[in-house]
Amino acid sequence: MKYHLEDIVAIVKGKLLQQHGNALIEQLLTDSRKLIFPDTSLFFAIKGPRRDGHSFLEPLYEKGVRNFVVSEPADTALLPEANIIQVKDVLQALQLLAAHHRKQFSIPVIGITGSNGKTIVKEWLNQLLEEQYTIIRSPRSYNSQIGVPLSVWPMNDTHELGIFEAGISQSGEMDRLQKIIQPTIGIFTNIGEAHSEGFLNLRQKVNEKLWLFTHVKTLIYCKDAPEINEGVATLWQQFNKGGKGSFEIFNWSTVTEATVQVLTVFKDNGATLITALYKEQTISITIPFTDDASVENAIHCWCVLLHLEVMPAVIAQKMLQLGPVAMRLEMKKGINNCSVINDSYSADLSSFNIALDFLSQQRQHARKTVILSDILQSGRNEKELYKEVAQALQQRGVTRLIGIGDKMMQHQAIFRLATIPELAFYPTADALRHDFSHIPFRDETILLKGARVFELEQIDRLLEQKVHQTVLEIDLNALAHNLKQYQQLLKPSTRLMAMVKAFSYGSGSYEIANALQFHKVDYLAVAYADEGVELRKGGINLPIMVMNADESGFDVLVQYNLEPDLYSPGLLQAFETFLKREGIRRFPVHIELETGMNRLGFSPAELPVLLEALKGDTFTVKSVFSHLAASEEKQHDAFTQQQAAMFHSMVEAIQEVLSYPFLRHIANTAGIARHPDLQLDMVRLGIGLYGIDSGDTHKLELKEVSTLIATIAQIKQLKEGETVSYGRKGVVNRDTRVATVRIGYADGYPRNLSNGAGKMWVKGMLAPVIGTVCMDMVMIDITGIPHVQEGDEVVLFGRELPVSQVAHWAQTIPYEMLTGISQRVKRVYFEE
Ligand SMILES: *Cc1c(COP(=O)(O)O)cnc(C)c1O
């Protein structure tokens with residue numbers, strides 16, 4: 001899309017604060033980290049709860065951006081050649097522009113909302129219809145107040161059908177999304193629980209979502225949810241009363257008459273046969289899935305296809321070929337110390353850009369390879385399309401491109417013109433596979449991106465390090481979410497140090513630090529110098545405090561710019577001697593004070609030695625801190641305050657000898673939530689980041705970050721009287737089905753969970769441990785849990801089973817559970 005800046009000013013009802021030219025705008029930018037095309041981007045300085053887009057004007061200007069939308073007067077002297085549009089509300093301006101753009105096209109547009117299934121229904125409709133229509137759709141689950149305008153923006157003359165999803169979290173939001181999507185066909189997938197999304201009750205939530213459909217011609221929904229059915233009926237009456245004419249109701253039901261009346265749902269051998277009555281005829285489809293959610297999603301899609309009058313034979317054939325939808329981006333460890341991101345499910349420009357963003361956030365390897373199939377985007381000028389792809393690769397510093405497919409081969413020249421250091425092209429993934437042993441893959445991050453037809457999974461299998469099936473899944477969205485939750489408790493000026501010691505509480509090293517760096521925490525802290533070294537080698541450039549430095553690691557501290565915590569006169573003097581010998585001055589350090597934990601820190605009696613040393617110029621004190629012994633416990637609150645008082649008086653003495661400012665901090669996770677008065681200049685957030693509400697404050701909605709998953713190796717049917725595991729501890733007193741799970745105490749599954757103390761989540765039910773936990777295996781009792789098979793996944797803790805619960809069963813604390821998961825368990829990082 002191209003718009004002249006002057007037209008945009010009128011569309012967004014803004015005024016030009018400064019004009020330098022009448023630029024041609026092609027890209028809308030809301031996140032400064034996603035800049036690819038500086039010349040033709042228009043940056044919207046949106047104000048978030050913590051971050052204000054206005055603070056990125058200058059950095060973006062330096063990178064070549066010249067067009068800005070702001071709501072606050074900008075310092076034009078710093079942006080001399082910029083066009084600056086001023087509006088009242090920047091987000092609203094973005095939405096107005098997108099709505100205006102959408103209005104230029106009169107194609108059918110499907111708008112999808114509901115509590116679950118939006119993205120799957122959208123992606124499946126795309127799979128089902130992409131041969132008949134040139135489709136524009138929301139990338140991934142871009143369904144928010146910002147995501148929807150960005151989704152609609154690329155719409156152009158070649159598109160014949162739009163598919164967009166809309167998600168809301170508060171009342172009033174859907175009205176705005178309706179104006180941007182302007183759907184002609186609506187799909188209401190389903191409705192979940194009200195409390196989960198900030199609404200009073202189900203009725204209010206349904207009514208809010210129905211705003212999306214205020215101008216549709218057809219509305220597709222399942223009649224079996226009474227709230228939706230009644231809500232639609234009311235909307236229908238309003239249409240008629242308001243003289244707007246009416247819309248066509250296209251509903252389905254499994255229990256009563258409906259446009260599509262589902263007669264049977266028959267599951268067998270990995271597939272589901274669905275038959276229904278439609279226009280007095282019996283029709284049927286078979287889908288390659290058996291779970292209830294997939295059946296519901298498929299029926300919604302079926303209704304759309306029937307409404308669009310797709311031929312029955314085509315419907316049947318396409319439904320059989322439905323494929324899984326990748327809801328998230330995953331990064332795994334690969335061969336030769338590579339990291340592998342596998343996104344081989346689709347290949348359109350917007351999902352490519354999102355995957356590329358995820359790749360460029362990874363700093364652990366300097367080398368970045370993209371293995372990319374042809375882009376399937378019919379209707380665009382191919383040369384322009386591949387030029388855009390090449391530019392994006394170049395902008396993100398990709399060091400090698402391996403192109404797969406005829407189009408990639410054909411447009412090689414375009415990639416050769418861009419400065420991508422290494423290039424290779426193959427007609428098919430198979431051809432690459434044959435050449436695989438000749439291509440070096442080492443110490444690099446590799447993105448696999450391609451449409452399903454190119455079958456890049458076979459390359460993924462070669463690149464991925466094969467280990468046994470037990471994995472710890474790390475949800476990077478949950479991590480970011482938890483960080484935000486705690487940030488919301490802080491004053492804007494309070495800084496945040498993220499504790500990433502002990503392999504980030506078991507969840508990973510540079511992978512987690514990378515995510516935290518991306519989300520702009522101020523400081524990191526590790527326990528030992530070598531943990532810090534690993535972060536530096538992984539490309540982390542945030543300041544890092546080392547809590548437990550010792551003499552043997554002083555040179556490493558200096559070499560990697562790690563800042564030690566000086567906690568005793570002995571350490572202070574040793575480090576001072578070292579720095580003087582090396583001729584280093586003003587080295588950044590942190591001072592720990594003892595106030596009652598009785599672990600590390602200068603006591604009041606030791607202060608004079610400290611003060612004397614600080615008078616010289618060997619050190620720069622970055623911060624002074626202390627640690628609370630019982631911030632999570634109410635019964636010790638008086639003691640906590642006593643610690644704080646002691647801390648303040650000791651800090652005063654230090655302040656007197658230092659002529660420069662330094663940060664003071666004392667609060668850990670529970671301190672942040674329970675003692676707002678102890679925020680001081682910085683807080684040290686640990687376990688809360690990983691989803692544990694330390695101190696049970698119930699003030700925050702935290703999400704579990706780590707989920708430990710293992711698979712079932714074997715299933716046995718035992719008779720009354722038989723026994724299970726070592727020492728014959730598991731006695732069977734009825735006919736029992738036992739599953740052997742691939743995890744043991746060597747993986748960090750505590751032996752304390754033996755003999756029924758622990759339970760695992762299996763297909764929605766809890767199965768108790770039977771007998772003792774072995775080194776590499778555990779047996780569980782799965783009697784009465786239907787449909788369990790060998791190879792099935794079992795959740796040991798995480799999303800479905802809180803780690804605090806399992807820790808409680810094991811008579812320990814979540815800290816020990818999380819950090820105890822051994823390094824032989826593979827970590828998989830994902831982002832939605
Ligand atoms: C581990 C640690 C923290 C973080 O504690 P949480 O309870 O996990 O928030 C803070 N400060 C110090 C000095 C620590 O050692």
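## Ligand site, pocket and cavity

Tutor: In this predicted model, the residues around the ligand are Met-499, Lys-501, Tyr-505, Met-547, Arg-599, His-627, Asn-668, Thr-669, Arg-684, Gly-686, Ile-687 and Tyr-815.

Student: What percentage of the area that the ligand exposes when taken alone does the protein bury?

Tutor: The reference value is the ligand by itself, which exposes 380 Å². Of that area, the share buried by the protein is 94%.

Student: Which domains each give at least three residues to the lining of the second largest pocket?

Tutor: This pocket has a volume of about 1100 Å³, and its lining numbers 44 residues, with Tyr-505, Ile-687, Ser-694, Ile-813 and Tyr-815 lying nearest the centre. Helix 18 (501-505), helix 26 (803-809) and helix 27 (814-820) each supply at least two of the lining residues. At the level of domains, at least three residues come from each of domain 4 (490-690) and domain 5 (706-831).

Student: How many residues in the lining of that second largest pocket are charged?

Tutor: Sorting the lining of the second largest pocket by residue class gives 20 nonpolar and 14 polar residues. The remaining class, the charged residues, has a count of 10.

Student: Which helix gives the largest share of the lining of the largest cavity?

Tutor: The count is 1 cavity of 30 Å³ or more, and the largest cavity holds about 60 Å³ of space. Its lining consists of Met-331, Phe-358, Gln-361, Gln-362, Leu-476, Glu-511, Asn-514, Ala-515, His-519 and Glu-831, and the elements that give two or more of these residues are helix 11 (349-361) and helix 19 (510-518). The largest share, 3 residues, comes from helix 19.

Student: Which domains each provide at least three residues to the lining of the largest cavity?

Tutor: By class, the lining of the largest cavity divides into 4 nonpolar, 4 polar and 2 charged residues. By domain, at least three residues are drawn from each of domain 3 (332-465) and domain 4 (490-690).

Terms used:
Residues are numbered from 1 along each chain as its sequence is written. This is a predicted model: local features need pLDDT of at least 70, side-chain atom pairs count only at pLDDT 80 or more; totals for chains, interfaces and linings use all residues. Side-chain values use heavy atoms; hydrogens and water are left out. On a 1 Å grid over the protein atoms alone, a cavity is a set of points where a 1.4 Å probe fits but cannot get out, and a pocket is an open set with protein on both sides within 12 Å along at least five of seven lines; lining residues have an atom within 4 Å of a point. Grid points are joined across faces, edges and corners, and a volume is the space filled by probe spheres set on the points. Helices (H or I, at least four residues) and strands (E, at least two) are DSSP runs, numbered from the N terminus. Ala, Val, Leu, Ile, Met, Phe, Trp, Tyr, Cys and Pro count as nonpolar, Asp, Glu, Lys and Arg as charged, and the others, Gly among them, as polar. Domain bounds come from an automatic or database domain assignment. A residue is near a molecule or strand if one of its heavy atoms lies within 4 Å of it. Accessible areas come from the Shrake-Rupley method with a 1.4 Å probe; for residues, only the protein chains shown count as cover.
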